[in-house]
Amino acid sequence: MLVYLTAECCGYPISIFFIVVNEFCERFSYYGMRAVLVLYFRYFLLWDDDLATSIYHAFVALCYLTPILGAIIADSWLGKFKTIIYLSIVYAIGQVTMAISTIHDITDANRDGTPDNFTFHIALSMLGLILIALGTGGIKPCVAAFGGDQFQEHQSRQLNTFFSVFYLCINAGSLLSTLITPVLRAQECGIHTQQQCYPLAFGVPAVLMVISLVVFIAGSGMYVKTDPEGNIMWSVCKCIGFAIKNRFRHRSSSYPKREHWMDWANEKYDKLLIAQIKMVLKVLFLYIPLPMFWTLFDQKVSICHFSGLLGGLPDQMQTVNPILILTLVPIMDRLIFPLIQKCGLNFSPLKRMTVGMLFAAMAFVSAALVQIEIDKTLPNFPSSSESQLKVVNTYSTTLNVTISPNEHLLIESFGVQLHTSKHTYSTISCMFVNGYTADLNITNLDSIEPSATTNYTLVNQGKRDFVLRHGEQWCEFSRKFGFGASYTFLIPSTVFSDDCESITEVEDMKPNSVHMALQIPQYFLITTGEVMFSVTGLQFSYSQAPKNMKSVLQAGWLCTNAVGNIIVLIVAELGKLPKQWAEYLLFASLLVAVSIIFSIMAYFYTYIDPAEIEAQVRKEQGLEPEEMEKETLEMEEKDEDQKNEQGVKQTKI
Ligand SMILES: C[C@H](N)C(=O)N[C@@H](CC(=O)O)C(=O)O
């Protein structure tokens, strides 16, 4: 028997060090760019909110669809190593293109600080994003599987730990970049005019992608590289096609049934290939309900936005997820899972994934409960059959207003009756009513004519200062704004004589009184769900795949995420339920239903050892043990030559 001993450290192949560092840099690059992408769409390309979020989700979906392409290239043509290198180059070019597209000076001929040719910037950034999606998605299934390939049979415990460490690196990269790139964007830079520094915010991720590539190449001499076995995907497609055709040709009941529909390919195709396809199809079938998890997961940013309880800083809120992952993965791996095992419970991978889905559903129930609390602080908005009227009395005494023969409103001097405006709850807005006898200028606002009002204007939370001006006269006042609130300021004619003292503040909408701590459970629940679901899914997809289709199954796993994102897009298009909490509960119920279906499917799934099945099929095919040994010896000699060339330390036992 031949066993290879590659260079090891603490039981782990040294080569995986390069792979996890590569993953860290690549995820830094990806998440760093993603953290400022919507801001770039909104404030550089000046797209509206809907277009910006749609393109963003479409891009994310594309990033999770391209793994199929990467897997086909790797398993059928170039092998994982070369695929990672070539597609990383495409990825780095994409990041550089994206960074260049954000330099406003390129088209800012009149030097007013805004680009003059938006078409150029849009075209370049879309090209950049397509290349990034191709690169990041293409290498994604290959890197995880390539990492797995570095382990020998006796290192199965280390292999499981590898996937956890791999996930930790993903999240460390994501955490750092999500913290850093928004800060870089907030800097000012430019050649002719100083603007928000998008080139730096996108440039740093581009540099990290180049570093990621260099690190991966640096480990080149240490890797275990498996060559692709011909155009495997084409053979798989032909084999499945033949099985379907052959089954159809023999549909009459006079033909004896076969154990599996793929057995109808027996006449023409190798039994080993058929066995391998069966393994892959079994797992892919199991993945059908999984996109629902990602549909909820990918909306987590929205559930975190809803009340803006942490001061409405969505960019920074995104960091809560990786922070929790970095804490929870070791706790689960070292404490919870061993404890469950010690209690004699079989917490198999598919059970973990089911529990992960239930945790995500609970996160949405928790979000719904918080939303109900928030809704209690909201004013009653008119239904579709009602309307509201707001009357402001700028007269000096109480007025009696008749709206219809039977309805009278008494409005005190400088009072406001009824509220009509509905606005996003996660913001603060205010408007001014000018009761002064002439035009007024207010800080950051257009001037207001006498007896006119400003529109509701968004302001930042906390204490804000305003300066009112009319010609040489001015006065200054400050107000504290509570989050989620809305105010009207009534400016009387005496405003300058009493130094702004007489400005009346009317609270149209109360500030948010729901405590931010109420958000913690939903973060905790969704991230616990992610650890159970996603880390386990990654390991499961590797362990259940035949050797020559590891990347393909990783791609299948990633596709569940792509479909989840596409569902988010469809849901956004179809519109929303009138009550936000009802929407959260609907999603939670859907995920519970899906997890029940998944648990039933999982119950009928038998875990396999692909290598064992392959050996068994070979044996059944009549390959005598000596022949198999000869075949193995030939393969291993070939491998050994290759590794000796690469200078890897190998020992024959
Ligand atoms: C940052 C997320 N918590 C995360 O770990 N994402 C993973 C899984 C995925 O989204 O496919 C990743 O970026 O690989």
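Two strands are taken to pair if DSSP finds at least two bridges between them. The model shown here is predicted.

How many of the six residues of strand S14 are buried? Six of the six residues in this strand (residues 486–491) are buried, so the rest of the structure largely encloses it. Buried here means under 20% relative accessible area. Both faces of S14 are covered: Ser486, Thr488 and Leu490 are buried on one side, as are Tyr487, Phe489 and Ile491 on the other. S14 pairs with strand S15 (residues 504–509) in the antiparallel sense, over five bridges. In S15, Met509 is the residue opposite Ser486.

The helices can be taken next. Two packed helices are described by the angle between their axes and the distance between the axes. For helix H2 (residues 49–65) and H3, the axes come within 5 Å and cross at roughly 20°. Angles under 35 degrees count as roughly parallel, and H2 is therefore roughly parallel to H3. On the H2 side the contact is made by Cys63, Tyr64 and Leu65, and on the H3 side by Pro67, Ile68 and Leu69.

Aromatic rings supply another set of links. A pair of aromatic rings is described by the distance of the centres and the angle of the planes. The structure holds 39 aromatic pairs. One of them joins Tyr40 and Tyr198, with 5.8 Å centre to centre and 70° between the planes, an edge-to-face arrangement. Because Tyr40 lies in helix H1 (residues 15–44) and Tyr198 in helix H6 (residues 198–218), this pair ties together parts that are 158 residues apart in sequence. Tyr40 has 0% relative accessibility and so counts as buried. Tyr198 is buried too, with a relative accessible area of 3%.

Phe81 and Phe146 form a tilted pair, 6.2 Å centre to centre and with 35° between the planes. Phe81 is in helix H3 (residues 67–101) and Phe146 in helix H4 (residues 118–149), so the pair ties together parts 65 residues apart in sequence. Both Phe81 and Phe146 are buried.

One aromatic cluster is made up of Tyr12, Phe151, Phe162, Phe163, Phe166 and Tyr542. Rings also take part in contacts with charged groups. The charged end of Arg251 sits over the ring of Phe248, 4.1 Å from its centre. Arg352 is placed over the face of Phe337, at 3.9 Å from the ring centre.

The last stop is a loop residue. Thr319 is found between helix H11 (314–317) and helix H12 (320–342). Is Thr319 buried or exposed? Its relative accessibility is 6%, so Thr319 counts as buried. Leaving aside residues up to four places away in sequence, Thr319 touches Leu175, Thr178 and Leu179.

Technical notes: Residues are numbered from 1 along each chain as its sequence is written. This is a predicted model: local features need pLDDT of at least 70, side-chain atom pairs count only at pLDDT 80 or more; totals for chains, interfaces and linings use all residues. Side-chain values use heavy atoms; hydrogens and water are left out. Helices (H or I, at least four residues) and strands (E, at least two) are DSSP runs, numbered from the N terminus. Buried means under 20% relative accessible area, exposed over 50%, partly exposed in between (1.4 Å probe, protein chains only). Contact means heavy atoms within 4.5 Å. Rings of Phe, Tyr and Trp (its six-membered ring) pair if their centres lie within 6.5 Å; planes under 30 degrees apart count as stacked, over 60 as edge-to-face and the rest as tilted. A charge sits over a ring if NZ of Lys or CZ of Arg is within 6 Å of the ring centre and within 35 degrees of the ring normal. Axes are lines fitted to C-alpha atoms, for helices over the stretch in contact, and angles run from 0 to 180 degrees between N-to-C directions. Angles under 35 degrees count as roughly parallel, over 145 as roughly antiparallel, 65 to 115 as roughly perpendicular and the rest as oblique.
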